[in-house]
Amino acid sequence: MGLVFSLHHLKSNFQMEEILKKLSVNLESNDEVDMIFRNPKIFPTKLVEKLSIQTALKYLRNEISFLEGDYIMNNIYGFWLINFSKDYGFSQIAWECYEAFDAGEYYRSEDDPNLDPAEIYTKPLLEELVTKYKNLKPK
């Protein structure tokens, strides 16, 4: 079963959870991610924002791993970049969440190799994001 969800049908948290599960397994093809965002009238900015917020909160609550969160944000950003970047902006919240996961993908030369870059970079950035946007809740 592909990622067949649309903005019109995203009415429950259960459906959002299903999307997050599918996006968290690996990097999906553009066609697969396209099925999530299929809406001929508008770019689903609010859906992207909700998925990003939910991903940040789930990671901070240890409900998903770093890798799952990273896959989710890379799938969302990659799809936006290929399909909508010329016409629609990527929301600030989604961008900050994407950057937080991106920061935890690799070690820097000055990093202690015994420490996880996700703990050093991603978690503090997401905690800052949640503090900055105190009312972060998928609506």
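A polar contact here is a pair of N or O atoms within 3.5 Å. I keep that cut-off at hand for the arginine below. The model I am reading is predicted.

**Entry 1: Arg108.** I looked up where this residue sits. Arg108 is in the loop that links α5 (92–103) and α6 (117–132). Its side chain reaches the backbone oxygen of Tyr106 at 2.8 Å. I then checked for a charge partner. Arg108 is buried but has no salt bridge. The nearest side chain of opposite charge is Asp111, 4.4 Å away. Leaving out residues up to four places away in sequence, I find Arg108 touching Ala103, Pro117 and Tyr121.

**Entry 2: the whole chain.** I listed the secondary structure and got 6 helices and 0 strands. Of the 139 residues, 45% are buried. I also looked at contacts with a separation of 6 or more. Residues 24 or more positions apart account for 68% of them.

**Entry 3: the core.** The largest nonpolar core holds 27 residues. Ile76, Phe90 and Leu126 have the most contacts inside it. Two or more residues each come from α1 (13–23), α3 (45–60), α4, α5 and α6. Which helix gives the most? I find α4, with 7 residues.

**Entry 4: helix α4.** I followed this helix from residue 66 to 83, 18 residues in total. From first C-alpha to last it reaches 26 Å, close to the 26 Å expected at 1.5 Å a residue. Its buried residues include Phe66, Ile72, Met73, Ile76, Phe79 and Trp80. Asp70 and Asn75 are also among them.

Key. Residues numbered from 1 in each chain as written. Predicted model: local features only at pLDDT ≥ 70, side-chain atom pairs only at ≥ 80, totals over all residues. Heavy atoms only, no water. Helix = DSSP H or I, 4+ residues; strand = E, 2+ residues; numbered from the N terminus. Buried < 20%, exposed > 50% of the residue type's maximum accessible area, 1.4 Å probe, protein only. Lys, Arg positive; Asp, Glu negative; His and termini not counted. Salt bridge = Lys/Arg side-chain N within 4 Å of Asp/Glu carboxyl O. Polar contact = N/O pair within 3.5 Å; in protein donor to acceptor, adjacent residues only side chain to side chain. Contact = heavy atoms within 4.5 Å. Expected span 1.5 Å × (residues − 1). Core = buried A, V, L, I, M, F, W, Y, C linked by side-chain atoms within 4.5 Å.
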